[in-house]
Amino acid sequence: MRMRRVAATAFTVAGVVGFSMVMARVEPAQPPSLDPRTISVRLLLGVGDSKAQKWDGKVSVDRGEVVAIDGYRFREGDGLDGRSAWKARSHLIRNGAIAKKKAFSKALPKALTRGPGTVGRPIVPNGLIVDLKAPADATLSVETDRGDFKIPLADLADGAPHRYLDRQVEAQRVPPRVGLAEGPSVEDFPAATAGHDEATTWVAYVVHEPLGPEVLESFTERPKDLSAFAPKGGGDQVKLVEFRDGRPGQPMDVTGPGLDVWRPSVAVDGHGGVVVAWSEQKDGNFDIYARTYDLGKRQWQEIRRMTSEPGTDADVALATAPDGRVWMAWQGWHDGQADIYLAAVEEKSTPFRVSNTPANEWSPSLAIGAEGQAMVAFDTYRAGNYDVVLQEVRLGREPAEGREIVVADSPRYEARPVVAVDPRGRAWVAYEERDASWGKDAENLVDGKGSSLYRSAAVRVRCIDGGRVLAPADPIEAMPTDLHQRNSFPRLAVDRSGRVWLTFRHRDEAVWGNNVVMVMGGYWTEKVTSLSGKTWTPPQELTRSDGLLDNRPSIVVPGEGPPLVFYSTDGRRRREIEFTPELRRRYWAQAGTPGNVGGSFNWDIEAAALVAPAATGPVDPVIGELARRGSEDYEKAVHPDEAADVRRMREYRVEAGGKSYRFVRGDFHRHSEISQDGGSDGALEDMWRYAIDAVAFDWMGDADHDNGGGKEYTWWLVQKTTDLYHNPPKLVTLFSYERSNPYPHGHRNVMFARRGVRTLPRLVEKSELPAVTDADTLMLYDYLKEHGGITASHTSATGMGTDWRDVNATYEPFVEIYQGHRNSYEHLGAPRVARRPGEAIGGWKPLGMVWNALALQYRFGFQASSDHISTHISYAIALAEEPTRESVLDAFRRRHCYAATDNIVLDVRSGEHIMGDEFRANGPVRLKVHVIGTRPIAKVDIIKDFRYAFTTEPNKADVSFEWTDDEKRGPGLSWYYVRAQQDDGQLAWGSPLWVQFSQGQD
């Protein structure tokens, strides 16, 4: 593999010199081709180590040869010596984790299982992948500093892991692999299909060239020019490669470079053509495009635009019918909702709408049976939760509706299905299952009424035979207990013998807060198993599959040989970078992962051969009737009247000052796996699903830390999906991120209405300590001025907060008064505010209370947001004139906003002025208050200048009243705001109105 280049950045004053850390060059002597007969063995060295120890060694085989070795978890100091020897140590992965866990468990007993967590061992084993050409009865000999041992390969034939050397070493066979695309650029989103001949597979994928530097480094001097943070150039390109006889050919350009594309698909037609389809954004709209490679002429046809309606068309899936025609299914966002469509690729035809509900449908998967019937699997939100549906469509010159088969329809989250057809014509569907009431009222690190987005996750497999939904054995139940939780994004295929193959993502670890290495979220790897009779084979890890949670391999069954799987990896675990004082100064202030000559991150594409373990049971799967659970087996739905609550919020209008305002509900402090501490926040797509369906927001912005620690590619993914799901007026998406500094400089969330602004690194002291300078916040304001953004402090009274030493109200016009993941920060004694250090989640810094900012004469609007884990209890509500990006940002800039923990209407006016306004008055101030709750309003407080000026307890859901301030006072400034509280404790905080009295009140 060519090493990833180091890009010099124009964002620093002095520029960036080459990365100075010496990283072990882990370059195995890869086999020249993918040979399924290769025996690949994964060795984990130092299992159970209580301290880091040397595990240097070498390996040999008594018959045959060692073809190659590859490092599995190498860091600086680890390395390979030829094809059979290595230097390696078991590694410390977190500092003080055990002590911290014990202390934390006393304060929050459920935290260890419900929080983002430092899940995993403090010391982790190192590892090797050993590739052998040897007979099945050969013996592998291993010599190490800790002792020598032998592994009869026959021991590993069952595919299960086995222990050696007093259980300090674990050995397991894994699928052999070879690199398909491992260049210096980012290669991602592989899609594959079998070719016309038995030896060929075609793989389409995306190559990305960065816009600006690949990773941003901290500043040591305050820059004078910040214009380069809106970089030009770079972008995506779709490629196609022929994978023949285990070797990738020369990649071909499907498109030109510099584009904005999303997830390609590929199929081979019956006329000697390879069809590639993808979604591409042009002129602000994502549409499906396709291009065919003529195998006979060995040349490309022209690119064809397949869709043209306004709204996003994406997630295209291709399949070939028995008559040789290629069909495509995709998700189309039209008239404010998402549906699944089907159309033939080769001819111009009217798209056939597969789904026919007023809800949103997602994740289409397409397979076509031997008799020409299309099987389209997707998930739907029609029941107020995600269910999986299989729609049969009869294919003729025009598609015709067949029958709908409900695959999964419990109150749980059941989504992202993939479908395949076996040789007997049965459809197999794999999908992901999560908790009931997904995305509803999860709180900090406890259960709440509903569920967080990634508390648990399981993969399910169903067989549809003649309309009956049947169930094989649970693919996870018989696996080791450490594999039972957080299994996601299944992929499925059926080979020529009828064996069902299943791959899925599994979270091995989540490390944050005490980590020794620079990581980005959790450690997910791909596992593979197959159904053999009644049972699934032991799961094996696909080597070099470490990467994002949202990773969707492509499994192909070629004309001969075993199934092949193509998958991407970012190398987060294979190339760990350990903290040093210099790295902390240069990167960690923004939770970064350095780009360097060691390639500490780089998305590549791998290919592996799936070979079933020896001596497995009968191939034909044993399946039985599906035992469905009744609705009484689940908790009652949270927010049963939510549709009406949302409709009331969306229809309400505030008429004031000659303008009409609407309530636009949203959040721009919601994390995903892109954050280094986002191991329990789900995939980026989960965040958008949550916004669109579970909470029905009107606007949304991603808050991942520096959009992935200052890395260009993760920033690009966030930017891309922000456009992908921009669907006004239903959902307006904003470009945002979290920029975190310790107290007193504080964490802030940044928001832009336009795409293309890179995240801003920190301004640090010229020392080995990662100390942010006092001028860092001032630099942030310069950046916001340059690019038209705004910012807001969050968790202001914690160790992530501020003492309000630096505030520029022009660029920081509002504040997070409440956070669902932690506490409220209104004032000591207010609802949901910590009363003492032991109650403060995230630290106790009472100078950061919002009332202290008001005492310093700062004008802040109020908003609430979620951060990690919590769902559905934090709303930032803008009073916007239009459902557009510019209007939403302008509303927050003008402080026309309020905070709430439920769908509570709060309308506060003074004459023609609304919440957030500043105006002059010569007489008494009169407030007109209207509150509509989802339950009775227990209390409404009017707060003026740090005191409760008026309180009423109406105990009804719809409250209207007027109040006049009859206090006598001299000239000067006063502020007023309203807080409403329901009988169930849900709250709304209106932004203050500031009133300048020009003369005294008699």
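Which residue lies over the face of Phe579? Arg584 does, at 4.2 Å from the ring centre.

The model is predicted, so local features need pLDDT of at least 70 and side-chain atom pairs count only at pLDDT 80 or more, whereas totals for chains, interfaces and linings use all residues. Residues are numbered from 1 along each chain as its sequence is written, and side-chain values use heavy atoms, with hydrogens and water left out.

**View A. Arginines over aromatic rings.** Arg584 is placed over the face of Phe579. Arg755 lies over the face of Trp716, 4.8 Å from the ring centre. A charge sits over a ring if NZ of Lys or CZ of Arg is within 6 Å of the ring centre and within 35 degrees of the ring normal.

**View B. The tilted pair of Tyr413 and Trp438.** The two rings are 4.7 Å apart, centre to centre, with 45 degrees between the planes. Tyr413 belongs to strand S32 (residues 412-421), and Trp438 to the loop between strand S33 (427-436) and strand S34 (458-465). Both Tyr413 and Trp438 are buried. Rings of Phe, Tyr and Trp (its six-membered ring) pair if their centres lie within 6.5 Å; planes under 30 degrees apart count as stacked, over 60 as edge-to-face and the rest as tilted. Buried means under 20% relative accessible area, exposed over 50%, partly exposed in between (1.4 Å probe, protein chains only). Helices (H or I, at least four residues) and strands (E, at least two) are DSSP runs, numbered from the N terminus.

**View C. The stacked pair of Tyr652 and Phe663.** The pair is stacked because the ring planes are at 5 degrees, with centres 5.2 Å apart. Tyr652 is in the loop between helix H4 (642-651) and strand S45 (653-656), and Phe663 in strand S46 (residues 659-670). Tyr652 is buried at 14% relative accessibility, and Phe663 is buried at 2%.

View D. The bond from Pro728 to Pro729 is cis, with omega near 5 degrees; Pro729 is in the loop between helix H7 (712-724) and strand S48 (732-739). The bond from Tyr743 to Pro744 is also cis, with omega near 10 degrees. Most peptide bonds are trans.

View E. Phe189 has phi near 55 degrees and lies in strand S14 (residues 186-194). Its relative accessible area is 11%, so Phe189 is buried. Asp945 has phi near 50 degrees and is partly exposed, at 24%.
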